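Good morning, colleagues. Please look at the sequence and the structure on the screen while I take you through a few selected features.

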Amino acid sequence: MALTLARRWRHLPRDSRDTLFLLGVIAWTVLPHVSHLPLWCTMLTAVMLLWRMQLAVVNGPLPGRWWLIVILLMAAGLTLWTYRTLLGKEPGVTMAVALMAMKTLELRARRDAFVVFFLGFFIVLTHFLYSQSLFVAAAMLVSVWGLLTALVLAHMPVGQPGLRQAGALAMRTALLGAPIMVLLFALFPRVGPLWGMPRDSGPTTGLSNLMRMGSITEVAQDDAVALRVRFRDRVPAPQAQYFRGPVLSIFDGREWRQSRPWSPRGGQAADLRVQGRPLHYEMTLEPQRLSMLPLLETSVVAPLADDYRVLMRADLQWVTDRAVLERLRFEAEAFTDFRHGIAEPESVLREALALPPGFNPGTVAWATALRQRQPSADAQALAQAVMAHIRTGGYTYTLAPGPYGETDPGTTVDEFWLDRKLGFCEHFAAAFVVVMRSMGVPARVVTGYQGTDPQPVDGYYIVRQSHAHAWAEFWQAGIGWTRADPTAAVAPDRILRSRHLAPPPGLMATAIGNVSPALLAQWRGMWEALNNRWNQWVLNYSRGQQLDLLKNIGFSAPSWEDLSLLLIGALSSMALAGAGWAWWDRRRVDPWVRQMEHIRRALVSVGVDARAHEPPRLLAQRVAQQLGAAGAALAGMLQVLDLQRYGRTAAPRPDTALTRRFAAAARQLRRNRSGPPGL
């Protein structure tokens with residue numbers, strides 16, 4: 001079948017072949033948009049491309065203007081019905097895709113093809129409004145090469161140029177422009193995000209300001225990268241790798257949420273005391289849904305995160321002035337040995353003691369009985385008693401505990417704590433806090449990430465969404481807030497070795513993992529290392545890194561003026577170099593023309609007339625006529641030269657050895673005709 005298709009492809013007319021190639025490039029360019037486009041747009045585009053493909057194969061007539069008007073009105077009407085507007089990113093991309101597919105139905109002239117080409121380049125740009133990942137960039141690079149190849153074919157209207165020839169020319173043209181692209185990327189002033197509309201894009205999972213039974217479980221099903229961290233001097237132990245996120249103090253019986261709204265324009269300062277050596281680290285944070293930074297506990301200095309304003313809340317959560325909807329890279333330092341909240345206000349403690357009346361009566365009664373058995377115990381002793389109960393009470397740590405509170409939403413903690421005893425981290429943290437509050441101990445839930453992948457990738461430890469975690473804090477007079485992680489009691493490997501529960505793998509990952517788990521891990525590590533370098537070197541290339549680049553090449557105190565002058569100087573130098581190359585290229589002699597000049601001079605020297613427009617075959621005939629047997633060698637070499645230049649197996653470059661042999665034969669012929677010296 002493949003040979004049959006290849007044979008049919010070679011025998012297609014030039015116009016049909018070029019049209020089919022262009023349709024393939026368009027389909028490849030539109031394909032990544034399928035997940036963003038409405039179903040009707042995907043189907044309409046596919047129908048139009050297949051229709052145009054069928055017309056190209058059978059060399060059929062293109063549809064009339066009325067067909068195009070009907071399709072245009074239908075596309076515009078469906079877009080308006082879907083989005084209630086024709087303006088904005090989503091309707092704009094939808095209409096652009098539909099219009100490009102429709103334009104292929106009126107490819108009658110080169111002008112129509114150019115419209116399709118530039119619509120294709122525009123569609124390439126729209127992909128970066130949704131994603132700037134390495135995969136999308138690579139796919140769009142292929143699209144650009146395909147569109148450039150189609151553009152080259154449109155400028156070669158005569159003959160039957162091969163796709164390989166056109167593709168090679170397109171590749172060389174793109175490579176010639178690559179230095180200018182790299183220069184502009186490195187030196188053009190960063191005045192804001194080049195692509196993107198951040199409010200329209202963002203993660204589909206992640207931490208939240210609300211927590212209910214099962215919410216962290218949903219996040220932990222996602223194996224996507226949440227952040228990458230590189231430790232400068234030493235790597236903390238896994239049990240110290242807590243990345244603090246939202247602190248949830250208010251419980252209404254069903255959901256946990258943060259305390260009163262807080263703005264980074266002001267707020268109560270944190271009561272924090274640290275000791276020991278700070279731990280310096282660099283973090284690359286992926287886009288998320290919240291206005292906060294999940295920093296390592298406990299970071300004490302606000303990181304410089306581009307143009308975000310970052311401040312610490314009194315509960316040690318780092319917040320930003322707006323949602324973090326773009327990738328950030330910054331440096332910070334943390335103290336793993338700290339105490340905080342010793343002088344906590346009464347209002348905060350009352351909030352950390354509040355329980356909704358009538359909810360979870362069984363758990364409240366259980367906690368009350370424990371308190372009565374240990375009336376003089378302090379908060380630390382009570383917490384240890386609860387932890388001991390978790391270790392020995394038959395609890396199971398699982399990623400699939402099933403839903404809670406279906407029959408009675410007011411007894412979700414009772415159902416977990418007293419009956420089913422199956423839960424993920426949020427179940428244990430929530431139950432622990434309810435029990436502690438029922439015993440008169442202020443407590444709250446903290447969410448964030450715990451642990452990293454065991455092995456660094458490209459020097460960075462990866463924290464995934466599957467590392468999302470919930471733990472608890474309780475307060476004791478004179479000590480302040482103390483971390484208590486009930487998960488460590490039931491699943492110590494989760495905390496001590498960062499062995500989080502993995503969701504079921506996909507079909508492909510299962511197949512590869514069954515053959516070789518090490519191979520799957522190796523491929524995953526290679527991809528994430530490559531993706532990390534793309535993020536660090538391309539997507540995170542910022543204004544600060546531009547100035548650092550100037551420092552590395554010798555500027556002591558670089559400024560924007562230096563950056564602009566360097567860019568202008570570099571562009572001017574490249575322009576002059578390009579002009580010089582063009583001047584030289586105009587005067588460059590084609591190697592075949594140069595070879596024929598040597599051949600003609602040699603023929604003239606032996607008395608054979610040779611003109612510039614005459615091919616080697618005609619010259620061979622003239623040599624045979626005028627020189628006879630004496631010129632047989634010259635005539636034979638001229639025949640070989642004609643085959644090398646114009647035959648089916650034409651050589652890409654002249655045979656310089658043949659040129660030398662021809663000149664030597666001509667000299668020998670002259671000597672033979674002039675006779676021995678002295679006669």
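This is a predicted model: local features need pLDDT of at least 70, side-chain atom pairs count only at pLDDT 80 or more; totals for chains, interfaces and linings use all residues.

**Salt bridges, a cavity and a surface patch**

How many salt bridges does a search of the whole structure find? The number is 20.

Two further pairs deserve a mention. Aspartate 233 and arginine 234 meet through their side chains in a salt bridge, at 3.9 Å from N to O. The relative accessible area of aspartate 233 is 43%, so this residue is classed as partly exposed. Arginine 234 has a relative accessibility of 27% and therefore also counts as partly exposed.

The other pair is arginine 611 with aspartate 609, where the closest N and O atoms of the salt bridge are 3.4 Å apart. Why does arginine 611 count as partly exposed? Because its relative accessibility is 47%, and buried would require a value under 20%, exposed a value over 50%. Aspartate 609, at 38% relative accessibility, is likewise partly exposed.

Salt bridges also join into a network here, which links Arg244, Glu297, Arg444, Glu473 and Arg483.

The structure contains three cavities of 30 Å³ or more. The second largest cavity has a volume of about 40 Å³. Its lining consists of Met211, Arg212, Met213, Phe251, Arg254, Trp256, Thr412, Val413 and Ala430. Two elements, β1 (210–212) and α13 (412–420), each give two or more residues to this lining. Sorted by class, the lining of the second largest cavity comprises six nonpolar residues, one polar residue and two charged residues.

Finally, the surface. Which residues form a nonpolar patch there? They are Trp28, Leu31, Val34, Val142, Trp145, Met171 and Leu175, and together they have about 650 Å² of accessible area. The elements contributing two or more residues to the nonpolar patch are α7 (134–154) and α8 (163–187). Tryptophan 28, one of the patch residues, is located in helix α2, residues 14–30. With a relative accessible area of 39%, tryptophan 28 is partly exposed.

Thank you for your attention.

Definitions and conventions: Residues are numbered from 1 along each chain as its sequence is written. Side-chain values use heavy atoms; hydrogens and water are left out. Patches are made of residues with over 30% relative accessible area and no salt bridge: like charges are joined within 9 Å, nonpolar side chains (Val, Leu, Ile, Met, Phe, Trp, Tyr) within 5 Å. Accessible areas come from the Shrake-Rupley method with a 1.4 Å probe; for residues, only the protein chains shown count as cover. A salt bridge is a side-chain nitrogen of Lys or Arg within 4 Å of a carboxyl oxygen of Asp or Glu. Helices (H or I, at least four residues) and strands (E, at least two) are DSSP runs, numbered from the N terminus. Buried means under 20% relative accessible area, exposed over 50%, partly exposed in between (1.4 Å probe, protein chains only). On a 1 Å grid over the protein atoms alone, a cavity is a set of points where a 1.4 Å probe fits but cannot get out, and a pocket is an open set with protein on both sides within 12 Å along at least five of seven lines; lining residues have an atom within 4 Å of a point. Grid points are joined across faces, edges and corners, and a volume is the space filled by probe spheres set on the points. Ala, Val, Leu, Ile, Met, Phe, Trp, Tyr, Cys and Pro count as nonpolar, Asp, Glu, Lys and Arg as charged, and the others, Gly among them, as polar.
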